[in-house]
Amino acid sequence: MPGAVAPSVLIADDSSMMRSLLSRLLDSDRDADGAARWQVVGTAADGRAAIEQARDLRPDLCLLDLEMPVMGGLEALPAIRAVSDAMVVVVSSIAGPGSAERRACLMAGAAAVVAKPSGAVSADLVEVSGRAILSAMRAALAPPEEG
């Protein structure tokens with residue numbers, strides 16, 4: 001739809017490299033007309049900063065790592081949901097399929113959980129998990145199906 005505003009995104013990860021990779025992934029996701037599908041409005045290096053930015057920036061969606069200093073993502077997740085309407089997609093190396101961390105994230109209000117492919121700093125994130133991250137983001141913001 002011409003003139004539509006791209007959903008705003010907050011990226012929370014303690015690794016500056018991961019924040020950069022995620023930002024580039026979102027910037028590369030364009031529609032058929034070349035318009036950006038996402039707008040990164042902020043980044044945070046720890047859970048406490050993510051909560052503050054979620055409250056102040058009111059993003060549509062937050063990409064959240066779990067292992068961060070000051071306050072981890074699992075602790076920050078319900079607080080982010082309490083101070084904003086942002087949907088939260090967890091992107092973490094410790095929340096793989098079937099893990100207790102994945103279940104805890106979903107129970108705390110995460111819309112989706114995507115595993116980082118090769119540890120906390122996954123240089124191959126875009127190549128291996130990029131599509132899964134973008135798919136989880138789109139699903140998180142999709143209107144509920146009527147049924």
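**Exercise 1. A pair of neighbours**

Which residue forms a salt bridge with Arg55? Take the accessibility of both partners into account.

*Solution.* Before we start, note that this is a predicted model, where local features need pLDDT of at least 70, side-chain atom pairs count only at pLDDT 80 or more, and totals for chains, interfaces and linings use all residues. Residues are numbered from 1 along each chain as its sequence is written, and side-chain values use heavy atoms, with hydrogens and water left out.

- Step 1: Recall the criterion: a salt bridge is a side-chain nitrogen of Lys or Arg within 4 Å of a carboxyl oxygen of Asp or Glu.
- Step 2: Asp56 is the partner of Arg55, with 3.1 Å between the closest N and O atoms.
- Step 3: Now check accessibility, where buried means under 20% relative accessible area, exposed over 50%, and partly exposed in between (1.4 Å probe, protein chains only). Asp56 is exposed at 54%, and Arg55 is partly exposed at 41%.

**Exercise 2. A network around Asp29**

Which residues are linked with Asp29 in a network of salt bridges? Work through the pairs one by one.

*Solution.*

- Step 1: The network links Asp29 with Arg37 and Arg138; the structure holds four salt bridges.
- Step 2: Asp29 and Arg37 meet through their side chains at 3.3 Å, N to O. Asp29 is buried, with a relative accessibility of 10%, while Arg37 is partly exposed at 35%.
- Step 3: Arg138 also pairs with Asp29, the closest N and O atoms being 2.8 Å apart. Arg138 lies in helix 5 (residues 125–141) and Asp29 in the loop between helix 1 (16–28) and strand 2 (39–44), so this pair ties together parts that are 109 residues apart in sequence. Helices (H or I, at least four residues) and strands (E, at least two) are DSSP runs, numbered from the N terminus.
- Step 4: Arg138 is partly exposed, at 38%.

**Exercise 3. Inside the core**

Which residues touch the most other members of the largest nonpolar core?

*Solution.*

- Step 1: A nonpolar core is a set of buried Ala, Val, Leu, Ile, Met, Phe, Trp, Tyr and Cys residues joined through side-chain atoms within 4.5 Å.
- Step 2: In the largest core, of 20 residues, the answer is Leu64, Ile80, Val88, Val90 and Cys105.
- Step 3: Elements giving two or more residues to this core include helix 2 (47–57) and strand 4 (87–92).
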